[in-house]
Amino acid sequence: MLCVTLMDGKARPWPVIGPLALLSASNPHRLPSGIAKEDEHLLVAAAKRGDMVAFEELVNRYERKIFRLTMNITRNREDAEDAMQDAFLKSYSHLKDFQEDSRFYTWLVRIAANEALMRLRKRRPNQFSLDEPIEGDEDLMPRELEDWGPSPEQRFAQTEMHEILSEVIDKLEPDFRVVFVLRDIEELSTEETAKTLGISVPAVKSRLLRARLKLRQKLNRYFRQGGTN
Amino acid sequence: MNCKGVIREISDYIDGALEPAEKQELERHLEHCEDCKIVVDQTKLTVDVFCDSEPVELPSDVRSRLHEALRRKINEKRQ
């Protein structure tokens with residue numbers, strides 16, 4: 001295992017990007033996600049002991065993903081930024097309470113999702129409720145069955161694909177969107193998603209099914225052979 | 001299993017959460033129903049494109065404010 005000695009003289013068993021960059025706040029480097037999973041527990045243990053470089057590394061690794069999560073839930077940049085910031089501050093303050101019965105990232109996602117949901121509820125009190133019953137099967141039958149042709153992922157440049165995904169997820173109703181984001185983008189389990197949102201497992205499954213079918217239909221406009229009109 | 005049944009089970013099928021007998025029944029339907037096959041394939045692709053998409057770079061102003069807030073918090077705790 002790679003061991004790095006920093007300017008503070010302490011050796012650390014993970015590749016650290018730069019000493020105390022948190023204080024300079026300008027280090028743009030990232031580590032491959034494979035490394036993140038393997039040594040996350042070492043970083044968490046060190047951060048719990050008060051090693052700020054380790055906590056900084058956790059922030060550097062996950063800030064983009066957490067911002068994507070809060071942005072996907074709130075669909076409002078100001079709220080997304082506030083939710084992300086509060087999520088990292090809370091994770092720092094409550095790090096000692098983290099029992100390590102899940103990945104640190106999963107714990108962080110749950111904190112960030114709650115921060116984002118709080119802001120979404122505040123901004124759209126009448127448009128967002130996870131308590132409402134879900135309609136029956138009638139509207140589930142897909143319409144617009146058209147050939148998407150060979151691999152849409154290869155047909156669109158990354159930036160273009162980002163714009164398409166952002167546009168279609170923006171149009172999805174919030175109570176379907178939050179379930180899809182947690183379950184399919186952040187890859188929480190159905191049970192973790194239910195726990196985070198405070199709803200039942202069948203309610204998660206039902207909303208997930210509808211979210212996936214609705215998104216398929218919305219993507220059809222972009223992915224079908226022959227363009228976006 | 002009819003088309004309505006396939007649509008109802010599509011999520012569990014994609015997630016590999018169907019019982020073997022249900023899975024077999026659904027796949028038997030797909031063998032002769034082109035419409036359901038399209039929906040299943042495209043729904044799976046829908047999940048994949050979102051799941052595979054990398055998050056964009058954090059805007060530099062957002063990142064600066066985040067790290068500044070953390071720095072303040074850390075200093076606060078140290079005092």
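Figure 1. H3(A) bends by about 50 degrees at A:Tyr62. Just after the helix, A:Arg75 adopts a positive phi of about 55 degrees.

**Figure 2. The largest nonpolar core.** This core comprises 62 residues. Those with the most contacts inside it are A:Met84, A:Leu108, A:Ala112, A:Ala116 and A:Val179. Helix H3 (residues 52-74) of chain A provides the largest share of the core, eleven residues. Both domain 1 (4-123) and domain 2 (138-223) of chain A give residues to the core, so it lies between them.

**Figure 3. The contacts of A:Met84.** A:Met84 is among the residues with the most contacts inside the largest nonpolar core. When residues up to four places away in sequence are not counted, A:Met84 touches A:Ile66, A:Phe67, A:Thr70 and A:Ala112 within chain A, and B:Leu66 in chain B. One of these partners, A:Ala112, is also listed with A:Met84 among the core residues with the most contacts.

**Figure 4. The contact between the two domains of chain A.** The domain assignment divides chain A into domain 1 (4-123) and domain 2 (138-223). Ten residues of domain 1 and eleven residues of domain 2 take part in the contact. On the side of domain 1 that touches domain 2, H3 and helix H5 (104-123) of chain A each supply at least two residues. H5(A) gives the most to this side, with six residues. By class, the side of domain 1 that touches domain 2 has six nonpolar, two polar and two charged residues.

**Figure 5. The interface between chains A and B.** In the predicted complex, 32 residues of chain B are in contact with 37 residues of chain A. On the side of chain B that touches chain A, the elements giving two or more residues are helix H1 (3-14), helix H3 (34-52) and helix H4 (60-78) of chain B. H4(B) accounts for the largest share of this side, twelve residues. The class composition of the side of chain B that touches chain A is 16 nonpolar, seven polar and nine charged residues. The model scores ipTM 0.90 and pTM 0.81.

**Figure 6. Prediction confidence along chain B.** Chain B has an average pLDDT of 91, and 100% of its residues score at least 70. Among the elements of chain B, helix H2 (residues 20-32) has the highest mean pLDDT (95), whereas H4(B) has the lowest (88). H4(B) is also the element that gives the largest share of the side of chain B that touches chain A.

**Figure 7. The loop between helices H4 and H5 of chain A.** A:Gln99 lies in the loop that joins helix H4 (77-93) to H5 of chain A. A:Gln99 has 6 C-beta neighbours inside 10 Å and therefore counts as exposed. A:Gln99 and A:Ile66 are 33 residues apart in sequence, and their C-alpha atoms are 20 Å apart in space. A:Ile66 is one of the residues touched by A:Met84.

**Figure 8. The architecture of chain A.** Chain A contains ten helices and two strands. From the N terminus on, its elements follow the order β-β-α-α-α-α-α-α-α-α-α-α. Of the 229 residues of chain A, 38% count as buried. Among contacts in chain A between residues at least 6 apart in sequence, 65% join residues at least 24 apart.

Terms used: Residues are numbered from 1 along each chain as its sequence is written. Chains are lettered from A and ligands numbered from 1 in the order in which they are written. This is a predicted model: local features need pLDDT of at least 70, side-chain atom pairs count only at pLDDT 80 or more; totals for chains, interfaces and linings use all residues. A nonpolar core is a set of buried Ala, Val, Leu, Ile, Met, Phe, Trp, Tyr and Cys residues joined through C-beta atoms within 7 Å. A residue is buried if 20 or more other C-beta atoms lie within 10 Å of its own, exposed if 12 or fewer, and partly exposed in between; C-beta atoms are placed from the backbone. Helices (H or I, at least four residues) and strands (E, at least two) are DSSP runs, numbered from the N terminus. Domain bounds come from an automatic or database domain assignment. Two residues are in contact if their C-beta atoms, placed from the backbone, lie within 7 Å. Ala, Val, Leu, Ile, Met, Phe, Trp, Tyr, Cys and Pro count as nonpolar, Asp, Glu, Lys and Arg as charged, and the others, Gly among them, as polar. pLDDT is the predictor's confidence in each residue, from 0 to 100. The bend at a residue is the angle between axes fitted to the seven residues ending there and the seven starting there.
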